[in-house]
Amino acid sequence: MKARRSSTTLFWPALTAAMVLAGWQAASAWMPAERRFLLPSPVAVAGAFADQAGPLLAATQHTLSGALLGFGFAVVASVIFALALGASTAVRRSLYPYLLALQTTPIIVIAPILILWVGPGLVSVAIITFLVSFFPLVVNTTQGLLSTDVHQVELFRLYRARRWQEVVLLRIPAALPYFFTGLRIAATLAPIGAIVGDFYAGNSAGGQGGLGFQTLIYSSQFKMPALFATALTSCALGLLFNLSATGLAWLCLHKWHDSYR
């Protein structure tokens, strides 16, 4: 039964992918010859992957570095901020409006400021990734800390548990599903933030340009197959982040939380 279920799980996505590729190939072939360059065929995109393997790999590594750096700092900072927000109503009321204002500030406005402050390059890309990833993490984690079952909280206080015991033994485990929900959202946003950050605040000096810079280069040169290859590489990077966060959530929660069993 497990083998049949696994084969069925793999069959339908594979069939969908085959149908999409076939439709893509047909649409490219049926387009007028003078406009066919706008929709390169899957074969042409595969050829671009082969021709541009070196630049794409270097760009992916650079974007991955910025995404991991910003995402990692966002995880650490969000946990610290969430604990502070969850511990005190005064802190929550004082800081939350500014966190909301920071999240709603467009990246296109922040990028020029970062370039003037720290210069273009990896640091600016990491900061932009941090700003994109931080808010969903801190909001979900704080909500989890505040949503602990009130009866369990009263039981801890009935037995005169100390404040740190209530937080460590009750509130943090109860907040883990919320935290991992925010982690999956942030993991999806982190590569996007890194690519957008590289587009606006990246630096191609010394071959250090990321996927955002490769997009600019291929677009200016009208290399449509290479542009599609860059887009697919970006999608694969985002999928890798999302699957990693989902796998980590399952690893931590599947033995005891109903939503992952």
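Good morning. Read from the N terminus, the elements of this chain run α-α-α-α-α-α-α-α-α-α. In total there are 10 helices and 0 strands, assigned as DSSP runs numbered from the N terminus (helices H or I, at least four residues; strands E, at least two).

The model is predicted: local features need pLDDT of at least 70, side-chain atom pairs count only at pLDDT 80 or more, and totals for chains, interfaces and linings use all residues. Residues are numbered from 1 along each chain as its sequence is written, and side-chain values use heavy atoms, with hydrogens and water left out.

As to overall dimensions, the C-alpha trace spans about 75 × 60 × 30 Å along its principal axes. Of the 261 residues, 35% are buried, where buried means under 20% relative accessible area, exposed over 50%, and partly exposed in between (1.4 Å probe, protein chains only). Taking contacts (heavy atoms within 4.5 Å) between residues at least 6 apart in sequence, 71% join residues at least 24 apart.

I turn now to one residue. Threonine 148 lies in the loop between helix 6 (122-146) and helix 7 (150-158). Is threonine 148 buried or exposed? Threonine 148 counts as buried because its relative accessibility is 9%. Its side chain reaches the backbone oxygen of leucine 145 at 3.2 Å, a polar contact (a pair of N or O atoms within 3.5 Å; within protein, one must be able to donate a hydrogen and the other to accept it, and residues adjacent in sequence count only if both atoms are side-chain atoms). Leaving aside residues up to four places away in sequence, threonine 148 touches Val153, Leu170, Arg171 and Ala174.
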